[in-house]
Amino acid sequence: MFCYQCEQTARGTGCTAFGVCGKSPEVADLQDLLIYAAKGISMYAHRARLLGSRDREIDLFVVEALFTTVTNVNFDEDRLVSLLARAETVRNRARDLYEAACREAGQEAEALGGPASFAFAAAKEALIDQGGKVTPERGAERHGDVVQGLHDLVLLSLKGSAAYADHAQVLGQEDDAVYAFFHEFLDFLSRDALSVDDLVGKALEAGKWNIRVMELLDAANTGTYGHPVPTPVRVTPLAGKAILVSGHDLKDLELILKQTEGKGINIYTHGEMLPCHGYPELKKYGHLAGNYGGAWQDQREEFDAFPGAIVMTTNCIQKPKDSYKDRIFTTGLVAWPGVTHIGPDKDFSPAVEAALAAPGFEKDEPEKTILVGFGRNAVLGAADKVVELVRAGKIRHFFLIGGCDGAKSGRNYYTDFARAVPEDCVILTLACGKYRFNKLDFGDIEGIPRLLDVGQCNDAFSAVKIAMALADVFETDVNGLPLSLILSWYEQKAVCILLSLLYLGVKDIRLGPSLPAFVKAPVFEVLQEKFNLQPIGSVEDDLRAILG
Ligand code: FS2
Ligand code: SF4
């Protein structure tokens, strides 16, 4: 195996013996083969689309194959083997689609090689062997590590975008142009000869497309559940039976809320599900009781202590302890061997039964709350007041401190930074990195809370909209605003968001806790020169540099 797609990669260079995340070499190789298979499918699908032929089943399969390989999603060899079997069928279907389109257009079909004509083995062991031959490490041997790193930057961005596109389509928001983008880019990445210049261009273009994908997901979430409104969320438990819902999928939470109505079970959000409390059509459920625990990397202790059932709707799952293995459930694309999977029928009764069989919380803990629900609608609803405070010098600066959390050391930078932000400054936050500081009391500036939780990682779209609206008022651009971005990354959704911000021309972003292993020094130098992208330093130095 060779995997360096996330921030906690071994030695900062790559997991080779076993994934720090718990991914086995076998799973890593099968995932690499699935990506290779997706490239083969897209080579045909892209060409078929150029001739006007498309097939939604093919489109969806490619998106789900990409999402499946995101960090902390799927650790199950057998599910990957079934996906590979399906991949071959879908690839053949894409080939037939392309050849039929060629016949109709009266042109000869190209004979495509590489992943387009690859013969997948039947047995698991042989598939693992095949996967080992298409890892990024093998690519680096062929193209050199700078080109391979750029290839991976684009590919990993596609994986992140695919996660968002999948969430959006679950709620009925799709854009055919987005499917065309995935196929075009995977086809591009399947070429033998790739140049640094082309890849840098494609990386920024992937960022552009990711904005469209996040826009789709924003429309899906706000269109289905309403615009988030500022909402206090209980972070201490109530007595009673309980189900904890983790991941990012709003529809799964809604289904669980519906299926548990009147059953005497309280539903708690975990991790990136916290922003769900702000959505009118989700907060209306009286048994959506509160938020439990912190960011994903604390789950093994927190799930162990949770006296109910747990449902993982997407990443980030860690190896379950035996103490809760029989009361944790996966659904959607998440999978862990031996953990009960709730299939496409979305019948959550196994989780309901496990919750009823578990002791539940014994007593009400004293109430403590935090505030969520500061999406673009809520923040821009208070824009006049915010602008007035900025003009009066009462708000000096905005900091967007957002992104992923993670287990590696160095992430206390974000807590220390948030604590050190002067009292005349406002912090916007999003994604699971907020758990580093979202239970601290930041107070307010004349009624505007100093900590505004914009939402999940994909709500970076909302944050961009807020920044652009403020830039309009102040007749400047995003770089002209008193706004600094202090980002933390972990997995591939952070990669596509970073590329989106760079595509928008956002400068001076500080990124940590370490730089991606796949962005090699010459590429980072280009990004530094063009966008002044910089690694985080010390809190004191960074704050001094920003505020002067
Ligand atoms: Fe956090 Fe994990 Fe949200 Fe990432 S819960 S690192 O998937 O996308 O953020
Ligand atoms: Fe290692 Fe991250 Fe890949 Fe897991 S996802 S194998 S931790 S680089």
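Predicted model: local features only at pLDDT ≥ 70, side-chain atom pairs only at ≥ 80, totals over all residues.
Residues are numbered from 1 along each chain as its sequence is written, ligands are numbered from 1 in the order in which they are written, and side-chain values use heavy atoms, with hydrogens and water left out.

**View 1. Residues around ligand 1.** The residues around ligand 1 (a heavy atom within 4 Å) include W296, C316, C404, Y490 and K493. Among the polar contacts (pairs of N or O atoms within 3.5 Å), a side-chain atom of N315 lies 2.8 Å from a ligand oxygen, and one of H248 lies 3.0 Å from a ligand oxygen.

**View 2. The largest pocket.** A pocket is an open set of points on a 1 Å grid over the protein atoms alone, where a 1.4 Å probe fits, with protein on both sides within 12 Å along at least five of seven lines, and its lining residues have an atom within 4 Å of a point. The largest pocket holds about 640 Å³ of space, and E64, G332, L333, P344 and K346 are the closest to its centre of the 27 lining residues. Because domain 1 (10–224) and domain 2 (231–357) both give residues to the lining, this pocket lies between them.

**View 3. The second largest pocket.** This pocket has a volume of about 480 Å³, and of its 32 lining residues K39, V134, T135, Q148 and H151 lie nearest the centre.

Key. Polar contact = N/O pair within 3.5 Å; in protein donor to acceptor, adjacent residues only side chain to side chain. Points joined across faces, edges and corners; volume = space filled by probe spheres on them. Domains from an automatic or database assignment.
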